[in-house]
Amino acid sequence: MENTFTLVAKTLPGFEELLAEELAALGAENINVLYRAVSFDADKALMYKANYCLRTALRILKPVMTFVARNELMLYKKIFEIKWHEIFGIEETFAIDAVVSGNYFTHSQYAALKVKDAIADEFRQKYGARPSVDTENPDLRINLHIENEKVTLSFDSSGDSLHKRGYRKAVDKAPMNEVLAAGLIKLTGWKGDKNFVDCMCGSATIPIEAAMLAMNIPAGYFRENYGFMKWHDFDEKLWKEIRQAADDEICDCDYEIMASDHSAKAVQIAKSNIQGAHLSHDITLLQQDMFEMTPPEAPGILLINPPYGERLEEKDIVNLYKSIGNTLKRNFKGYEAWVISSNIEVLKLIGLKPSKKIEVYNGSLDCRFYKFEIFDGSYKDMKIKKAENNIE
Ligand SMILES: C[S@@+](CC[C@H](N)C(=O)[O-])C[C@H]1O[C@@H](n2cnc3c(N)ncnc32)[C@H](O)[C@@H]1O
């Protein structure tokens with residue numbers, strides 16, 4: 001590739017391999033799996049494509065400088081040496097995101113402040129004035145990563161986090177991060193090749209991400225802004241071509257995607273988000289109790305994010321998870337059911353043996369994502385069927 005540079009795509013813990021697979025599918029080379037991140041080689045076109053298409057990336061950073069610093073003064077001096085006035089204008093705004101680890105720097109906010117001062121002073125030296133900081137919507141978002149004495153300064157090509165897809169108009173209690181939802185769907189292996197149900201859909205994040213995945217709708221289809229658009233080398237023509245090429249891949253989903261919730265308020269919110277994603281014709285939305293529902297015909301995938309119990313009484317949460325188990329056994333025969341919860345004790349009350357257990361995080365909550373195979377027929381029949389098909 002000509003004009004190649006390294007990019008670092010950040011993700012949630014546990015999603016690194018999924019992100020590496022997505023990058024490989026986009027044609028990225030030199031892919032390296034890191035902790036909560038994946039690095040890869042890219043040119044400008046791939047940088048635009050990655051921002052537009054990746055479902056499991058949170059942001060895509062372009063490292064511009066690495067150096068050694070063991071204290072704030074060393075950090076300040078190195079940053080001050082950069083000709084910032086040639087990178088962005090005094091009338092433009094900037095922001096610093098900082099992550100520090102190791103013994104030399106212990107306060108990320110303080111390190112960010114030093115970098116901000118060095119940038120402001122470089123401008124002041126040149127023009128006698130400095131650009132303003134805007135943490136919400138800056139023209140240039142700068143990422144500072146310090147691990148022990150190794151400092152990496154990057155420009156954030158995404159700007160706002162990529163989980164902000166642009167379709168979510170409202171949220172109910174405990175809405176799921178869109179990147180988490182997309183990653184969970186990918187972990188189930190579903191590719192739009194059978195029916196899909198989320199019968200505890202809340203704001204409908206999971207069914208919307210499922211429909212976008214099945215229909216090849218780029219993750220950023222509804223989003224208007226990316227950090228790279230404000231960079232001085234922004235190539236609008238190339239960006240439009242990249243968008244168009246990805247949009248040309250959008251297709252229909254041949255299977256049913258069902259979203260439901262027992263709460264009228266949640267269904268109202270789900271409706272406005274589904275409309276925001278222009279998916280009203282592609283997602284069946286119903287207000288119903290999971291314990292009374294009839295799902296679409298098997299085979300299918302069920303993915304639910306039930307309440308974890310923080311706001312519920314002990315007896316209610318116990319009953320909830322027991323009822324989920326009973327409902328799965330009774331009504332979801334032939335389905336693969338996936339349940340995410342931070343409440344590992346009550347997950348056991350589902351009363352089925354998980355065939356997969358995956359550790360994931362929902363925000364700061366350490367969660368388990370369990371797969372239950374709901375066999376149509378007896379366990380013995382299933383064993384015979386699997387043996388006949390040579391399945392482990
Ligand atoms: C943690 S929230 C789901 C959040 C959702 N994943 C999102 O992104 O907004 C759990 C949802 O389960 C719903 N729920 C709880 N018990 C239910 C039941 N018996 N039947 C259907 N929905 C139920 C709640 O109304 C709530 O919307």
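The paragraphs below lead from the chain as a whole to one of its sheets and the helices beside that sheet.

This is a predicted model, in which local features need pLDDT of at least 70 and side-chain atom pairs count only at pLDDT 80 or more, while totals for chains, interfaces and linings use all residues. Residues are numbered from 1 along each chain as its sequence is written.

The chain has twelve helices and 14 strands, taken as DSSP runs numbered from the N terminus (helices are H or I, at least four residues; strands are E, at least two). Its radius of gyration is 24 Å, close to the 21 Å that the globule rule gives for 392 residues, so the chain is as compact as a globular protein of that length; the radius is taken over C-alpha atoms, and the rule is 2.2 Å times the number of residues to the power 0.38.

Seven strands form an open sheet of mixed pairing, in the order 10-9-8-11-12-14-13, where two strands pair if DSSP finds at least two bridges between them. At the edges stand strand 10 (283-287) and strand 13 (356-362), each of which pairs on one side only. Within the sheet, strand 12 (residues 335-341) runs antiparallel to strand 14 (residues 365-373) and is joined to strand 14 by six bridges, and Ile340 stands opposite Phe369 in strand 14.

Two helices lie across strands of this sheet. Helix 6 (residues 178-188) lies across strand 11 (300-304), strand 12, strand 13 and strand 14, whereas helix 7 (residues 205-214) lies across strand 8 (195-198), strand 9 (257-261), strand 10 and strand 11.

Conventions
Contact = placed C-beta atoms within 7 Å. Axes fitted to C-alpha atoms, helices over the stretch in contact; angles between N-to-C directions.
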